[in-house]
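Subject: Structure handover

Hello,

Here is the structure to look through. Please open it beside this email and follow along.

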Amino acid sequence: MCLGVPARITEIRDEGPLRMGSVDFGGVSREVCLDWVPQAGVGDHVLVHAGFAIGVIDEAEAQQTLRLLAELAAASAAEDRDREARQRPGAEPPS
Amino acid sequence: MKYMDEFRDPTLVQAVIAELWRTAVRPHVIMEICGGQTHAIVRSGLDRLLPPGLTLAHGPGCPVCVTPLETLDQAMAIACRPDVIFTSYGDMLRVPGSDGDLFGVRARGGDVRVVYSPLDAVRLAQENPARQVVFFAIGFETTAPANATSVVQARRLGLRNFTILASQVCVPGAMRAILSSPDNRVEAFLAAGHVCTVMGWREYTPIAREHGVPIVVTGFEPLDIARGILLAVKQLEAGRAEVENAYERVVTEPGNPGAQTAVREVFRVGDRVWRGLGVIPDGGLHLRDEWSEFDAAKRFDVSRVKPVESPICIAGEILKGLRLPADCPAFDDPCTPDHPLGATMVSAEGTCNAYHRYGRGREETE
Ligand code: SF4
């Protein structure tokens with residue numbers, strides 16, 4: 001129930017007491033309330049829950065997280081290669 | 001879908017798991033509070049990739065599961081009335097009450113409708129001035145702002161035929177209750193990312209400090225969850241107990257101020273019954289007196305409701321993270337999502353449902 005689904009804002013309608021708009025969930029369009037994401041504009045991604053945008057998705061933070069994890073993956077792959085190299089017969093240092 | 005697929009990348013998940021194996025030295029128990037995360041964990045099989053000694057305990061973060069039986073029975077009593085259109089989030093319809101469920105009420109002619117948003121329920125009230133529209137306002141902090149906005153909107157529109165039956169619960173009280181229980185084994189929490197999207201994480205700082213537990217704000221994709229576990233284990237191994245944010249793309253420290261204002265306007269914090277857990281101090285929200293005209297439990301006579309819990313179901317123990325579905329004699333037979341005996345088998349966030357759906361039968365978890 002606490003499902004929050006990322007969606008892209010395609011239209012904002014500021015008339016009426018609630019700031020409403022349309023968002024696109026990868027091809028499916030839906031009317032949602034944008035009252036609590038006043039900083040978000042058309043093209044921005046928001047997190048939608050029960051017909052309300054509850055937060056804006058920060059693209060820079062998303063990229064930063066993925067970069068961090070890619071570095072971790074690269075380091076881990078390098079470590080695996082080292083270990084394999086050490087374990088290969090003949091690769092041991094002479095004792 | 002953007003912001004979902006990238007956070008499912010198996011190579012990156014594998015790298016985080018590898019790092020977890022390098023980091024985890026001692027055994028630990030980490031609880032993911034949110035049932036949405038439980039489902040993601042069981043679906044992706046993340047729990048089977050963990051280093052030995054690292055256990056995930058599944059928490060009570062399933063709104064449908066913790067809605068008190070009494071409230072559910074009240075819902076059915078109200079939904080039976082011929083003058084009422086009863087509206088609810090879909091999951092709630094199949095939850096067994098003391099005597100049947102809301103689907104049964106509908107089958108007997110009750111006007112029970114599923115809505116996607118509380119604003120849809122308000123619209124129904126506008127379109128049906130001769131009927132009473134009642135919205136079953138259940139949920140955690142994630143949903144509280146939307147539920148609150150329904151009554152604000154109803155007042156703006158001058159609607160006299162709209163009320164809500166509220167069961168709003170809040171996570172921090174439940175965390176404290178779990179940590180204070182004598183049989184607690186939880187050493188760290190993954191905090192629910194979407195609760196924190198609304199509330200931020202400031203209220204967790206005193207819990208982390210007072211109970212000495214790391215709390216990591218965590219998202220819902222496999223990569224988010226693996227990373228949340230890794231950060232929690234790093235803290236445990238280093239002897240730290242801090243609040244950390246592993247869902248940076250969505251969650252900020254103060255949370256969403258507009259959504260919080262909506263909640264505060266309509267609700268006040270107070271003690272709340274959580275089904276399976278009992279009364280939790282400051283465990284939920286109640287309509288403020290100024291909004292009591294929108295309280296369905298006051299508008300309709302629900303005094304005859306006498307809740308009777310199933311004698312078999314051990315959902316309470318499961319919600320506390322003390323037992324697993326396989327410990328229940330009714331798991332998979334006769335209790336299934338089509339014929340549930342307890343709420344944890346119904347909901348897409350319930351642990352029994354996740355274990356059933358992803359084939360974690362008895363033999364597997366033993
Ligand atoms: S399997 Fe069914 S009866 Fe057993 S604890 Fe889960 S919901 Fe309750």
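Is A:E79 buried, partly exposed or exposed? At 35% relative accessibility, A:E79 counts as partly exposed. Here buried means under 20% relative accessible area, exposed means over 50%, and partly exposed lies in between (1.4 Å probe, protein chains only).

Some ground rules come next. This is a predicted model, in which local features need pLDDT of at least 70, side-chain atom pairs count only at pLDDT 80 or more, and totals for chains, interfaces and linings use all residues. Residues are numbered from 1 along each chain as its sequence is written, chains are lettered from A and ligands numbered from 1 in the order in which they are written, and side-chain values use heavy atoms, with hydrogens and water left out.

**Where the chains meet**

A:E79 has a partner in the other chain. B:R22 forms a salt bridge with A:E79, and the closest N and O atoms are 3.6 Å apart. A salt bridge is a side-chain nitrogen of Lys or Arg within 4 Å of a carboxyl oxygen of Asp or Glu. B:R22 is also partly exposed, at 35% relative accessibility. The count between chain B and chain A is 2 salt bridges. There are also 9 residue pairs in polar contact between these chains, both residues being at pLDDT 80 or more. A polar contact is a pair of N or O atoms within 3.5 Å; within protein, one must be able to donate a hydrogen and the other to accept it, and residues adjacent in sequence count only if both atoms are side-chain atoms.

In total, 43 residues of chain B are in contact (heavy atoms within 4.5 Å) with 39 residues of chain A. The area buried between the chains is about 3600 Å², and carbon and sulfur atoms give 70% of that. Buried area is the accessible area (1.4 Å probe) that two parts lose on being put together, summed over both. In chain B, B:M1, B:Y3 and B:Y116 lose the most area to chain A, together 19% of what that side buries.

**Helix α1 of chain B**

This helix covers residues 10–23. Helices (H or I, at least four residues) and strands (E, at least two) are DSSP runs, numbered from the N terminus. Its 14 residues should span 20 Å at 1.5 Å a residue, and the end C-alpha atoms are 20 Å apart, which agrees. The expected span is 1.5 Å times one less than the number of residues. Several residues of α1(B) are buried, including B:L12, B:V16 and B:L20. The buried residues pack against α1 (59–87) of chain A, together with β2 (54–61) and α11 (222–238) of chain B. At the start of α1(B), a side-chain oxygen of B:D9 reaches to within 2.9 Å of the backbone nitrogen of B:T11.

**Salt bridges elsewhere**

Over all chains the count comes to 27 salt bridges. In one of them, the side chains of B:R131 and B:D111 meet at 3.1 Å, N to O. This pair links distant parts of the chain, 20 residues apart. In chain A, A:R13 forms a salt bridge with A:E11, with the closest N and O atoms 3.1 Å apart.

**Backbone details**

The peptide bond from B:D333 to B:P334 is cis, with omega near 5°. B:D332 has a positive phi of about 70°, although B:D332 is not a glycine. A:A50 is not a glycine either, yet has a positive phi of about 50°. A:A50 is buried, at 10% relative accessibility.

Best wishes
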